[in-house]
Amino acid sequence: MTKINKDYLKLPGSYLFSMIGKKVNEYAAANPDKKIIRLGIGDVTQPLPAKVISQLHEAVDEMAVKETFKGYAPDLGYEFLRTAIAENDYRARGCDISPDEIFVSDGAKCDSGNIQEIFATDNRIAVCDPVYPVYVDSNVMAGRAGDYIEDKGCFSNVIYMPCTAETGFAPEIPSEVPDIIYLCFPNNPTGATVTRSELQKWVDYANEKEAVIIYDAAYEAYIRQEDVPHSIYECAGADTCAIELHSFSKNAGFTGVRLGYTVIPKKLVREGVSLHSLWARRHSTKYNGAPYIVQRAGAAVYSEEGKAQVKALVDYYMENATYILNGLKKAGYTVSGGVNAPYIWLKTPDNMTSWEFFDHLLTKVNVVGTPGSGFGPHGEGYFRLTAFGSHENTVEAIDRIVSM
Ligand code: MLT
């Protein structure tokens, strides 16, 4: 008889954004005359940069010609893309990362969920609380998280690092020693960042404890302040303790196109084994690579035209972030994030729970956000708004909230 993976049964409810989607669809079906504005999931709304589109067209045309047609992509991704990434995202910032330490993939969500496969199930993970749910859920599925403790809203074998207003929503080194540490800066969901010297402390700690940091840099394009690092490899010694995840979704609008990459330095070794070699084995066995046309589109992001267009896109969303931040502040909300990140994190008013405020906003002003408690117990009493809407919708949503 076939037996199922019972670890899946430990997951409470459905995936956060599926749950929100379901609730909103039910409300929309019952209230067809209402104009709902969605500032919940961090999905982009603006078209792809023109340079990306032209490269997509060119690459599609190449696929129609025998001489330029491409089949399977190389295991790690096309050289032209990995070289552009190494040059622009790393060497230009003084980080010594080479093209063959980069694995091209179909996005940071998949990589952040899959990367745990190269580690033993008896490793203990540490996560920020609140946290992007994929890090925890993928470890629950793998049997690494222990049991769900209903009244605490957390898993018995996971080390939660509270990120509170008192700490500027940054984690502190935990008292129990983890084997794997998930960090995401600029942070999803709080929009918080750490300075280079604060991140250096994590790198030093991980090297001292022989732990591995999985560093999600999906939102680095939104960094505005000088002392906030774009990559963990800006810290000395990160190449012996850190894996970094990147996305083309949030900077260049690839949420529906799908492209990302993971960096594993060759110097990163645990128990005498190179983690690069383990991930290379996993990647080549289970994955056939992002499509050629999409990798060409990704390379366009690093052209001069592409860079300018991506910057304009990021600036567009950051204008929204500023509008949300200032509008809510003026209306008396306690707000953070939105300065180096496309997420705004606000305290719910009148001691409402996160889900109460979700219902309140949906039914009173038809605005959708994300309840903070969906990201972990310390997210309770908070709420996330995304800056990825259109200007018009963002302005209308904030004006509606402010006049509530
Ligand atoms: C979010 O809303 O947190 C993001 O859209 C999640 C993701 O990028 O997968």
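**The sheet and its labels**

Tutor: Seven strands form an open sheet in the order β2-β10-β9-β8-β7-β3-β6, with mixed pairing. The edge strands are β2 and β6 (159–162), as each pairs on one side only. From one strand to the next, the twist averages 20 degrees. This is a predicted model, where local features need pLDDT of at least 70, side-chain atom pairs count only at pLDDT 80 or more, and totals for chains, interfaces and linings use all residues. Numbering starts from 1 along each chain as its sequence is written, and side-chain values use heavy atoms, leaving out hydrogens and water.

Student: What makes β2 and β10 a pair?

Tutor: Two strands pair if DSSP finds at least two bridges between them. Strand β2 (residues 102–105) and β10 have four bridges, in the antiparallel sense, so they are called paired. Here V104 stands opposite Y261 in β10.

Student: Which strand pairs with β10 in the antiparallel sense besides β2?

Tutor: Strand β9 (residues 242–247), over four bridges. H246 stands opposite Y261, and S247 has G260 as its bridge partner.

Student: Why are both faces of β10 called covered?

Tutor: Buried means under 20% relative accessible area (exposed is over 50%, partly exposed in between; 1.4 Å probe, protein chains only). G260 and T262 on one side, and Y261 and V263 on the other, are all buried, so both faces count as covered.

Student: How do you know that helix α3 packs on the sheet?

Tutor: Contact means heavy atoms within 4.5 Å. Helix α3 (residues 79–90) touches β2, β9 and β10.

Notes. Helix = DSSP H or I, 4+ residues; strand = E, 2+ residues; numbered from the N terminus. Axes fitted to C-alpha atoms, helices over the stretch in contact; angles between N-to-C directions.
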